[in-house]
Amino acid sequence: MTARSTEPMPAADLYDVLRRRRDVRNEFTGGEIPDEVLRRVLTAAHSAPSVGLSQPWDFVLVRDEATRRAFREHVRAERDVFAAELSGERAETFAKIKVEGIVESGLGIAVTYDPDRGSPAVLGRHAIADAGLYSVCLAIQNLWLSATAEGLGVGWVSFYREEFLRGLLDIPAGVRPVAWLCIGPVHALAETPDLERHGWRRRSPLEDVVHHDKYRGGRSR
């Protein structure tokens, strides 16, 4: 057996990618991703840790414009549903926020979760049923960070109904669509996240979310 080197990679490079990562909406150029770059990004996603080595994810690459436009119309309708629940300052702030770059990005990646992958005995999932779903989220994070390192932007679209996306992409029953990711070249990555820039929310300091030995204090909102 050949052991991998434990020599650390330059930490500054990793922390720079973490700092630059953004949830992209407005900055896509519409350009194509070179095949070799896309393969590197997908390979990074597929290398994520997973419970019981089940690798319960699949990646549906959506380039067809008609499909992307149909999904965008559904997302716009769901955006209106959420907007109707708001009033006052919240409504005014949300009206300025773009929630998707589905057509502008040129490529959508739907990431799914198959709970039957590796069944019936998924090592490590017997006590935490959602461990497989957590694994898919790790794959998405790998994809997002590697795309950032490649100079690409990624936007996670969450304004959709799972059943609609399942029907749109012919996803089998029992397989859960977890995310639609808009991905592609960008003009630049914003220095400040959109939600902070528009005043929707601000990041809390690290000290607010670190506890020692036991959970202390009330729940923050």
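So, a definition before anything else: I call two rings of Phe, Tyr or Trp a pair if their centres lie within 6.5 Å, taking the six-membered ring for Trp. Keep in mind that this is a predicted model.

With that in hand, here's the group I'd like you to look at: Phe82, Phe94, Phe159 and Trp200 come together as one aromatic cluster. Overall, the structure has eight aromatic pairs. One of them is Phe82 with Trp200, a tilted pair with 6.4 Å from centre to centre and 55° between the planes. And this pair ties together distant parts of the chain: Phe82 belongs to helix α3, residues 65–84, while Trp200 is in the segment after α7 (194–197), and 118 residues separate the two.

Okay, buried or exposed, what about Trp200? Trp200 comes out as buried, because its relative accessible area is 18% and the cut-off for buried is under 20%. Phe82 is partly exposed, at 26%.

Now the other pair I picked: Trp144 and Trp156. They're tilted too, 6.3 Å between centres and 50° between planes. Again, distant parts of the chain get linked, with Trp144 in helix α5 (residues 131–149) and Trp156 in strand β3 (residues 152–157), twelve residues apart. Trp144 counts as buried, with 7% relative accessibility, and Trp156 is partly exposed at 25%.

Which charged end sits over the ring of Trp200? That's Arg90, 4.0 Å from the ring centre. Over on Trp144, Arg21 lies over the face, 4.7 Å from the centre of the ring. So take a look at Trp200 on your screens: there's Phe82 paired with it, and Arg90 over its ring.

Technical notes: Residues numbered from 1 in each chain as written. Predicted model: local features only at pLDDT ≥ 70, side-chain atom pairs only at ≥ 80, totals over all residues. Heavy atoms only, no water. Phe/Tyr/Trp six-rings, centres within 6.5 Å; stacked < 30°, edge-to-face > 60°. Helix = DSSP H or I, 4+ residues; strand = E, 2+ residues; numbered from the N terminus. Buried < 20%, exposed > 50% of the residue type's maximum accessible area, 1.4 Å probe, protein only. Lys NZ or Arg CZ within 6 Å of the ring centre and 35° of its normal.
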